[in-house]
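Please examine the sequence and the three-dimensional model shown below.

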Amino acid sequence: MHRSVIAAFAAELRPRAFVRAAAAARAYDIETWRRVTCPVVAVRGSSDVFAAAADTAGFASRVGGYREVRRDDAGHFAHIERPDAVLAAMSPLAAASAPEPDDHGGPQPDRSPAIRSSHARVARARSAG
């Protein structure tokens with residue numbers, strides 16, 4: 001990782017917020033993940049220092065549609081370090097949720113705001129990248 005990234009991260013670190021987050025993590029109930037019913041793709045790097053290898057099995061046992069993509073060229077912040085890899089991992093989910101064509105070959109209107117928003121984010125990321 002380039003030194004400027006590390007310097008920027010250190011400059012943005014807020015110790016009080018970190019302490020509050022650590023306290024919240026102690027009280028976190030991992031069983032809430034059992035309520036997730038949509039597919040989940042986690043993209044993380046092999047050099048992730050925050051998520052343990054055992055976390056994969058824990059999430060997979062609690063989330064029915066859980067899948068992990070491990071990257072050798074990233075750490076914990078794969079969405080920043082390798083956004084292309086994150087987009088590639090998420091693209092099949094967006095494609096699977098795309099509306100079916102209508103009787104005339106055109107797409108049917110999607111009534112789900114969450115799906116429309118997801119499609120828009122994927123389209124913006126593809127055009128930017």
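Among contacts in the protein between residues at least 6 apart in sequence, what percentage join residues at least 24 apart? The share is 62%, where contact means heavy atoms within 4.5 Å. The model is a predicted one, in which local features require pLDDT of at least 70 and side-chain atom pairs count only at pLDDT 80 or more, while totals for chains, interfaces and linings use all residues. Residues are numbered from 1 along each chain as its sequence is written, and side-chain values use heavy atoms, with hydrogens and water left out.

The secondary structure consists of six helices and two strands, defined as DSSP runs numbered from the N terminus (helices: H or I, at least four residues; strands: E, at least two). Along the sequence these elements follow the order α-α-β-α-β-α-α-α. The accessible surface amounts to about 9600 Å², and 60% of that surface belongs to carbon and sulfur atoms; such areas come from the Shrake-Rupley method with a 1.4 Å probe, and for residues only the protein chains shown count as cover. Of the 129 residues, 19% count as buried, a class that means under 20% relative accessible area, with exposed meaning over 50% and partly exposed in between (1.4 Å probe, protein chains only).

Strand 1 covers residues 40–45 and includes V40. V40 counts as buried because its relative accessibility is 17%. Beyond its neighbours within four places in sequence, V40 is in contact with V63, G65, Y66 and R67. The C-alpha atoms of V40 and F59 are separated by 9.5 Å, the two residues being 19 apart along the chain.

Strand 2 (residues 66–71) contains R71. With a relative accessible area of 24%, R71 is partly exposed. Residues up to four places away in sequence aside, R71 touches V43, R44, G45, S46, R82 and A85. Between the C-alpha atoms of R71 and V43 there are 7.4 Å, although 28 residues separate the pair along the chain.

The loop between strand 2 and helix 4 (78–81) holds G75. G75 counts as buried because its relative accessibility is 6%. G75 and G45 are 30 residues apart in sequence, yet 4.1 Å apart in space, C-alpha to C-alpha. Apart from neighbours within four places in sequence, the contacts of G75 are R44, G45, S47, D48 and E81.

In soluble globular proteins, nonpolar side chains tend to be buried together. Here the largest nonpolar core comprises six residues, namely V43, V69, A74, A78, V86 and A89. A nonpolar core is a set of buried Ala, Val, Leu, Ile, Met, Phe, Trp, Tyr and Cys residues joined through side-chain atoms within 4.5 Å. Another core lies apart from the largest one and has five residues, among them V40, A42, F59 and V63.

The largest pocket holds about 660 Å³ of space. It is lined by 17 residues, of which F18, A21, A25, F50 and H76 lie nearest its centre. Helix 1 (3–12) and helix 2 (15–26) are the elements that give two or more residues to this lining, and helix 2 gives the most, with five residues. A pocket is an open set of points on a 1 Å grid over the protein atoms alone where a 1.4 Å probe fits, with protein on both sides within 12 Å along at least five of seven lines; lining residues have an atom within 4 Å of a point. Grid points are joined across faces, edges and corners, and the volume is the space filled by probe spheres set on the points.
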